[in-house]
Structures are given as C-alpha cells and as structure tokens.
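The sequence and structure are shown first, and the description follows.

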Amino acid sequence: MNTLHTISVKEFAKSNNFTSIAPAIRTNSNNYPYITFINADNKAENVYFSKSSSADIGVGQLVTKELLSSYQVAETTNAEGEKRMKLVSNSNRVSLDSLLD
C-alpha cells in the first residue's frame, strides 16, 4: 500500500523557495486546473489539482488564503512512473502536537 505524504502549501512554497503565485487558477489544454508558483529567479512551476480536488475549482478563480488553506501538497506518481506534486484536499485533521503544547 502506498502512503500519501502531504505537507501544507506554506511548507511546500517555503521548501522550494517560491516567493509568489499567479493570482488566479489556470487550466491546461485538457482543462486540468493548476496554480503557478514562482521563485525569486522568476522560474515557475505549475502544481495541478488532483482529480478529486479539482471538482470545485474553476478557471479564473482567484487564489486566496482561504482557498489555499483548503489544500495540501502531496507527492504522487503518474502513469509513466514520474513523481509529481499535486494539490489535494486538506484532510481537516488537527495536529495532536498543537493540542498538547
């Protein structure tokens, strides 16, 4: 069984030195939605929503703090065996450590 490892969008951005994002959801030629993350050198990476997470996302939708808080980033493997980062729905779990501090 494969374990899905997720991190927050904030952790993902920080660990990849992203400093900005495109302000709205975009889609590729197959209508798959994604968010473009951009680093300080103006290099961009498109991170796509998982199939199940993309149901409530529309092209042109503004990327807000509330929207980003609804998602996490997970490393997945595509049909060709390539590793990809995907936006997945937040599990709405609370860290036990945060409750015990």
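## Contacts and overall architecture

Of the contacts in the chain with a separation of 6 or more, 43% join residues 24 or more positions apart. The model is a predicted one. Its secondary structure consists of three helices and seven strands, arranged along the sequence in the order β-α-β-β-β-β-α-β-β-α. The chain has 101 residues, 27% of which count as buried.

## The nonpolar core

The largest nonpolar core comprises 15 residues, and those with the most contacts inside it are Ile-25, Ile-35, Phe-37, Phe-49, Leu-67 and Leu-87. At least two residues of this core come from each of helix H1 (9-15), strand S4 (33-39), strand S5 (44-49) and strand S6 (71-77). The most is given by H1, with three residues.

Once neighbours within four places in sequence are set aside, Leu-67 is in contact with Ile-25, Ile-35, Ile-57, Gln-61 and Leu-62. Two of these partners, Ile-25 and Ile-35, are listed with Leu-67 among the core residues with the most contacts.

Ser-53 is placed in the loop between S5 and helix H2 (65-69). Ser-53 counts as buried because its relative accessibility is 4%, under the 20% cut-off. Beyond its neighbours within four places in sequence, Ser-53 is in contact with Tyr-71, Leu-87, Val-88 and Ser-89. Of these, Leu-87 is also one of the core residues with the most contacts.

| Pocket | Volume |
|---|---|
| Largest pocket | about 260 Å³ |
| Second largest pocket | about 210 Å³ |

The largest pocket is lined by 16 residues, and Ser-8, Val-9, Lys-10, Ala-13 and Leu-68 lie nearest its centre. Strand S1 (6-8), H1, strand S2 (18-21), H2 and S6 each give two or more residues to this lining. S2 gives the most, with four residues. By class, the lining of the largest pocket has eight nonpolar, six polar and two charged residues.

The second largest pocket is lined by Asn-28, Tyr-32, Tyr-48, Phe-49, Ser-50, Lys-51, Thr-76 and Lys-86. This lining divides into three nonpolar, three polar and two charged residues. Phe-49 belongs to this lining and is also listed among the core residues with the most contacts.

How values were computed:
Residues are numbered from 1 along each chain as its sequence is written. This is a predicted model: local features need pLDDT of at least 70, side-chain atom pairs count only at pLDDT 80 or more; totals for chains, interfaces and linings use all residues. Side-chain values use heavy atoms; hydrogens and water are left out. Buried means under 20% relative accessible area, exposed over 50%, partly exposed in between (1.4 Å probe, protein chains only). Contact means heavy atoms within 4.5 Å. A nonpolar core is a set of buried Ala, Val, Leu, Ile, Met, Phe, Trp, Tyr and Cys residues joined through side-chain atoms within 4.5 Å. On a 1 Å grid over the protein atoms alone, a cavity is a set of points where a 1.4 Å probe fits but cannot get out, and a pocket is an open set with protein on both sides within 12 Å along at least five of seven lines; lining residues have an atom within 4 Å of a point. Grid points are joined across faces, edges and corners, and a volume is the space filled by probe spheres set on the points. Ala, Val, Leu, Ile, Met, Phe, Trp, Tyr, Cys and Pro count as nonpolar, Asp, Glu, Lys and Arg as charged, and the others, Gly among them, as polar.
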